[in-house]
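Reader: Please take me through the architecture of this model, beginning with the terms required.

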Amino acid sequence: MDEKKIKIGCVGLGPRGADLFYNRLCAVEGTEPVAVCDLDAKKVENCIKELEKRGHMNVKGFTDFAEFLKSDVEAVLVATDVTTHATLAAQAMDAGKHVLCEIPNIRSVEEGKMLAEAVRRNPGKFMVAENCCYWAHINAWKQMYEEGLLGEVYAESDYLHPAKEIWHPEVKREKTWRSYMPAIHYLTHNLGPILYILNDTVAEVSGFIPDINPIEEAHPAPPNGVAMVKTKKGTVIKIFIGFGVCTVEGSCHNFGLYGSKGCVQTARGNTSNQGKTMASFKHTPYLKGYVDIPVYPDYPGKSSDGHSGADFIMMEDFIRCIREDKEPALGIDFGLSIALPGILADISSREHGKTMQMPDFA
Ligand SMILES: NC(=O)c1ccc[n+]([C@@H]2O[C@H](COP(=O)([O-])OP(=O)(O)OC[C@H]3O[C@@H](n4cnc5c(N)ncnc54)[C@H](O)[C@@H]3O)[C@@H](O)[C@H]2O)c1
């Protein structure tokens, strides 16, 4: 490639950040890793070793984010824990960098306002790393919706995560920041793809959280919750996040779009069915039931590494937006639209399901 390489870096080198950086972002053509940062010097050292194994010999390591920002890095992956996403992303934008920010990108309404202002006052590109929007079946459904095959839709989605993976009597895990975050805040993987398909945004939200916490020892914050979302175009979306549940096999994201002309849904059950599309269409005569369309999260002929290949395709999109000076589809407005509803649902649940209006930070 003749074009100048984009100098990339990453802050937050936990299991997610490290893998996403050296296996995905660095694999995008036209990128050059120049700097990595974590509070933990050991993680910085390990990441640099992994980068060297992949032929990247001149990457600088930092334990101080302010120093990292002084380097020549142009585009930053923010993959720290949720408590720091908004602050670090805003600092990076103010330092003139482009930012790809892990989700949820904010943890409060105030952080949403602060981050929106930081993004809007800077020319750099800002994108949220909502990888589930890059699944093949989500993009196939989006095309079907846009072609009018589904008509007006009601949508629902759930994220089921087996309680045994969070807490097990024999496997005592150290509690992380995740255990203290109400699971409903983590609805972005479910709401994100639906809003993306519908090209819609959220108007109001109600939340309902059970009084019972079946895994309190491991997850002090409520592990289960429901958000009811009404969109600006008038669609209703129901999201259930169930981290304290007993699923059949592994964790899974189920989706369903139930329309006036057609329905598409993922086959429920276990991870091997996840993403397999079941569909029915009004225009198909004598259809006796749902048909099984072979559209899965991964793309035919492409690697399914990293969330069925979605992580890499997302990285390519981020770099393309920088190179072509295009606003990312998953920019700040989208980021707020998928992160604020979980926060509002949590507040609403403590006020008997009171309807919360989405703030407008335009
Ligand atoms: N999109 C997905 O599919 C997906 C999957 C897993 C995790 N995630 C997200 O990725 C993020 C990271 O997940 P993880 O499991 O690797 O988390 P983690 O908590 O294990 O790692 C976070 C790392 O950030 C570092 N860090 C925190 N504050 C810092 C600071 N100010 N400066 C430098 N380093 C700092 C910590 O030392 C730690 O090494 C989370 O926000 C999570 O929600 C997304």
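Author: Two residues are in contact if their C-beta atoms, placed from the backbone, lie within 7 Å. This is a predicted model, in which local features need pLDDT of at least 70, side-chain atom pairs count only at pLDDT 80 or more, and totals for chains, interfaces and linings use all residues. Residues are numbered from 1 along each chain as its sequence is written.

Reader: How many residues of domain 2 are in contact with domain 1?

Author: By an automatic or database domain assignment, the protein chain is divided into domain 1 (6-132 + 310-330) and domain 2 (136-302 + 339-357). Their centres, taken over C-alpha atoms, are separated by 26 Å. On the side of domain 1, 14 residues take part, and on that of domain 2 the number is 15.

Reader: Which strands stand at the edges of the open sheet?

Author: Strands are DSSP runs of E, at least two residues long, and helices are runs of H or I, at least four, both numbered from the N terminus. Two strands pair if DSSP finds at least two bridges between them. The open sheet has 9 strands in the order S14-S13-S12-S11-S7-S10-S9-S8-S15, with mixed pairing. A single partner strand leaves one side of each edge strand without a neighbour in the sheet, so the edges are S14 (291-293) and S15 (356-357).

Reader: What is the bridge partner of Ser157 in S10?

Author: Strand S7 (residues 153-162) and strand S10 (residues 236-245) run parallel and are joined by 7 bridges. In S10, the partner of Ser157 is Ile239.
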